[in-house]
Amino acid sequence: MKIRTKLLVSHMAIAAAAILFVSIPVVTMQVSQLQIDVELNAETMLNSGRDSIKNFFGTPTTIVKSMIPYVNSESLNQQSAEKDFAQVIRDYPSLSCLYWTDSLATNRGGSFYSSDGFVPDIDYDKSAQDWFSRAMKAQGVITTEPYVDEDTGKLVCTIASSIHNGFLTTGVVGIDITLEELNAIVATVKLSESGKSFLIDSSGNFLTNEDFNKVLKTNFFDDYAALSSVRDKILSVDDTSYINTNAGKGLYVASQKINDELGWTLVTLGPSNELFKSVNNILKISILIGLVVVAAAAIISFFIAKAIAQPINVVKNAVNKIADGNANLSQRLDKTSRDEIGELVGGFNRFMEKLQGIVSDVKNSKNNLSDIKIDLQTSIDGAASAITEILSNIESAGNQVESQSRSVTQTSASVTEIAENINSLERMIETQASGVSQASAAVEQMLGNISSVNSSVEKMSTSFNALENNTSDGIQKQNIVSQKISEIEAQSKALQDANVAITNVASQTNLLAMNAAIEAAHAGEAGKGFSVVADEIRKLSETSASESKKISEELRKISETIDSVVVAARESSKTFAGVGEKIQQTDELVNQIKSAMQEQQEGSHQIVDALKIMNDITSEVKSASHEMAIGNQQILNEINNLQDATTVIKDGMDEMSVGAKEMNKTGSLLSDISTKVSESINNIGNQIDQFQV
């Protein structure tokens, strides 16, 4: 894209952005303010319509209330009442009929007075009429739903009130209202030119409409389905207004409750764009002004861009002329302005001066390069022959170094093997020293154990002596116990014999008691006292016999226990005797162990002394081996250093050989490069010669 086009586009974009920056806030503010104005206007219109409708129903309501005292007067008769009723509504075209009826049915002599002289048939049922039934139940004025009058075919509604005499309801006074005027009142509530207003009932059915056929037959939300989504808000039960400037399909809608009792609602709607007509006009004007400003900016930008681009084109043409001409660097541009373009021309002229000087220097250098080319070729030829000789010397030295490297490697392997043997010897010596130390420690520990065993054996010997003495005492005491148990056994037998004697005495006593009882019975009354004594003796004999049996049983158990104790005592005596023999044998073994442990302790001391001598010798051998290992390691390190140095020398010789070969290649390349440089110098000379300085 050319500079002129860029400048033109940028200026137009700036102008458009400025217009948008100014117009968008203005239009936004206008829309916000208009929204507020529309809502206020809608609120005012709805309130005015509501007041007009309430005024429309206010007059008949007042008339109904004023007629209640009149119909309660005693002078009321049909002729005068009908005349007075007609006189009352004469000046109100919308009031079609004023009437009164009592609470009796027509077929029972009920009265009905009307301003139009209507006389109901004998079978006319008042209670079936909505205005009558509702008024009779209510305590005040009621308004009926609209209905089509059968005689006139017009839409009417009735305002009625019951009449009371104390607590008794005596009748109803009512007035019929033609709703044609109401249709006209509702139609005047408009927020826009093509707006429409309707009065609808709680179900949404039309109560007023330009098309009378839709009244009470068509639902408002069927004709305006787009408003079904806000149906509940339009038919709101409170007294607040509902206003929505874009309720659906480009429609605005506003509504307000008119009659709380019947649920009548005043609704007005129309195209939303009519509410914002002024904003649309402002927007159109803003767009028109914006287009004019953009066009003016385009024209101004065109001339400014042309003025800026023209000097640049002059510079462009001059540069192209120099590039397409005979490369005359002595040409200069004329500086015609003092702005950035003039500075660009001055810079271009200074650049041409420097370029002219550079080309002159390059031409002079071209001649010097021709002379240098010859010297370079001569030097390259001499260097190539010298590199060849160096390469042969390097190969000879490399062969000698390689031979030396092999010798050093063999020496290093031998020394390494010696070092490994020395290390193995040192490990063996360390193992031996460790073994000697462990043996010495083990022997010392064994000596400690032997001492501990000796001490334990001595304690055991002492304990066994005490145990032997205690065993002897136990045997003696056991013998005493056995004697005592034998004595108890003899006494137990004596007790058994005594118990047998007691049993015999009890038996004889029992027999004597029986005989005494028999004799007492023979004596009669004189022997009753003796009979009691004989009976007690018999009871005592029986008790003695019973206790004797128990004692005999216990003595038997005691005898058995004594027998078992005697047997146990005998076994215990035998056991104590056996234990005494075993203790004597064990004491002899302990004395033998004690002698053996003393001999073992003396031998262990001799072993400890020998191990100490061996440990000293091992330490001396270990020190000597360690010194050999250190000396061998130093030799090995020196050989490794020699081997590393040999390797370094060999690598250096290899690198020198490679370098010499590379130098030889480089010499060949330099020769080729010298030829190419010569050709390049000639080409540069031919190009430089084209410039005129």
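Is I63 buried or exposed? The points below take up that residue, then the rest of the structure.

1. I63 is buried, because its relative accessible area is 8% and the cut-off for buried is under 20%. The model is a predicted one, and the values in this note are computed from it. I63 sits in helix α1, which covers residues 3-71.

2. The surroundings of I63 can be listed. Setting aside neighbours up to four places away in sequence, I63 is in contact with V88, Y92, L95, L98 and I175. A related pair is I63 and G174: they are 111 residues apart in sequence, and their C-alpha atoms are 9.2 Å apart in space.

3. On the protein as a whole, the secondary structure consists of ten helices and ten strands. The protein has 693 residues, and 31% of these count as buried. Its accessible surface is about 42,400 Å², with 56% of that belonging to carbon and sulfur atoms. Among contacts with a separation of 6 or more, 65% join residues 24 or more positions apart.

4. The largest pocket has a volume of about 730 Å³. Two or more lining residues come from each of these elements: β1 (95-102), β2 (112-114), α3 (130-137), β4 (147-148) and β6 (168-178). Strand β1 gives three residues, the largest share of the lining of this pocket.

5. Which residues of the lining lie nearest the centre of the largest pocket? They are Y147, D149, E150, D151 and D176, out of 24 lining residues. By class, the lining of the largest pocket divides into ten nonpolar, six polar and eight charged residues.

6. How many cavities of 30 Å³ or more does a search of the whole structure find? The search finds one. The volume of the largest cavity is about 30 Å³. Helix α6 (231-234) and strand β9 (251-259) are the elements that give two or more residues to its lining. The largest share, three residues, comes from β9.

7. The residues lining the largest cavity are K233, I234, S236, D238, T240, Y242, S255, Q256, K257 and T265. Sorted by class, this lining has two nonpolar, five polar and three charged residues.

8. T265 belongs to strand β10, residues 264-271. T265 is buried, since its relative accessible area is 0% and buried means under 20%.

9. The side chain of T265 makes a polar contact with the side chain of K257, at 3.5 Å. Not counting residues up to four places away in sequence, T265 touches F198, L199, I200, I234, L235, S255, Q256, K257 and I258.

10. H605 gives a contrasting case. H605 lies in helix α10, which covers residues 528-688. Is H605 buried, exposed or partly exposed? H605 is partly exposed, because its relative accessible area of 41% falls between the 20% and 50% cut-offs. H605 and E444 are 161 residues apart in sequence, while their C-alpha atoms are 8.4 Å apart in space.

Technical notes. Residues are numbered from 1 along each chain as its sequence is written. This is a predicted model: local features need pLDDT of at least 70, side-chain atom pairs count only at pLDDT 80 or more; totals for chains, interfaces and linings use all residues. Side-chain values use heavy atoms; hydrogens and water are left out. Helices (H or I, at least four residues) and strands (E, at least two) are DSSP runs, numbered from the N terminus. Buried means under 20% relative accessible area, exposed over 50%, partly exposed in between (1.4 Å probe, protein chains only). On a 1 Å grid over the protein atoms alone, a cavity is a set of points where a 1.4 Å probe fits but cannot get out, and a pocket is an open set with protein on both sides within 12 Å along at least five of seven lines; lining residues have an atom within 4 Å of a point. Grid points are joined across faces, edges and corners, and a volume is the space filled by probe spheres set on the points. Ala, Val, Leu, Ile, Met, Phe, Trp, Tyr, Cys and Pro count as nonpolar, Asp, Glu, Lys and Arg as charged, and the others, Gly among them, as polar. Contact means heavy atoms within 4.5 Å. Accessible areas come from the Shrake-Rupley method with a 1.4 Å probe; for residues, only the protein chains shown count as cover. A polar contact is a pair of N or O atoms within 3.5 Å; within protein, one must be able to donate a hydrogen and the other to accept it, and residues adjacent in sequence count only if both atoms are side-chain atoms.
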